[in-house]
Amino acid sequence: MAAFTVDVSEVERFSDDMRTRALEVVGEEVAKAMSESGAFVEGQAKINARRLGAVDTGALWGSIAWAGRGSGMGRVVEIGTPLEYGAAVEFGVRPGGNAPPLAPLRRWAERKLGLSGAESMRFAVNLRFKIARKGIKAKPFLTPAFDDNLDALDAIFARAGDRAVKRLAKLGA
């Protein structure tokens, strides 16, 4: 019986290199899709805020932003607003719930009603108590920006997959 040996170490090394490169390429494309999705949802949230009449001075609208951290498959994107009243606009305030912050109510009274000094403060305090007692209706701008656009977000990730496949095909050629 004849015996022979086949050295497949080069094939194994090539396979390992391709696996590593494939993970890098897919990770890069997923990170791009995460960033694109963040920008898309931010834009939709701004459209929603304006459509719902949740834009007065533009501060809330201008504060809606996305931010990303991490890279590759570990990329995380958050979309929101740092403004303290953003949650009250998005989710509303239940009767008996937490009263909204006083400062924005006072600024609103000054801007919309032309009140000033003690008069604007008195109005803001009364409005704050009324909101705490009766609540305010939600004007969701951020949640629907995601939920109502799942098809568009799926398409962003499908394009990322297509790009990854094309890039990997070039590597294997």
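**Entry 1: the α4 pair**

I began with Glu110 and Arg106, whose side chains meet in a salt bridge at 3.4 Å, N to O. I take a salt bridge to be a side-chain nitrogen of Lys or Arg within 4 Å of a carboxyl oxygen of Asp or Glu. A note on what I am looking at: this is a predicted model, in which local features need pLDDT of at least 70 and side-chain atom pairs count only at pLDDT 80 or more, while totals for chains, interfaces and linings use all residues. Residues are numbered from 1 along each chain as its sequence is written, and side-chain values use heavy atoms, with hydrogens and water left out.

Both partners sit in helix α4 (residues 102-113), four residues apart, or about one turn of the helix. My helices are DSSP runs of H or I with at least four residues, numbered from the N terminus. Next I checked accessibility, where buried means under 20% relative accessible area, exposed over 50%, and partly exposed in between (1.4 Å probe, protein chains only). Glu110 comes out partly exposed at 32%, and Arg106 is partly exposed at 26%.

**Entry 2: the network**

Which residues do salt bridges with shared partners join into one network? I found Glu28, Glu29, Lys32, Arg163 and Arg167 there. I then looked at one pair among them: Arg167 bridges to Glu29, with the closest N and O atoms 2.8 Å apart. This pair links distant parts of the chain, since Arg167 belongs to helix α7 (residues 150-172) and Glu29 to helix α1, 138 residues apart.

Is Glu29 buried or exposed? Glu29 counts as buried, at 2% relative accessibility. Arg167 counts as partly exposed, at 25%.

**Entry 3: along α1**

I stayed with helix α1, which covers residues 9-51 and has 43 residues. From first C-alpha to last, α1 reaches 62 Å, close to the 63 Å expected at 1.5 Å a residue; that expected span is 1.5 Å times one less than the number of residues. Just after α1, I noted that Gly53 takes a positive phi of about 75 degrees.

Arg13 forms a salt bridge with Glu10, and their closest N and O atoms are 2.5 Å apart. The two are separated by about one helical turn, because they are three residues apart in α1. Arg13 is partly exposed, with a relative accessible area of 44%, and Glu10 is exposed, at 52%.

**Entry 4: the tally**

Last, I wanted to know how many salt bridges a search of the whole structure finds. The count is eleven.
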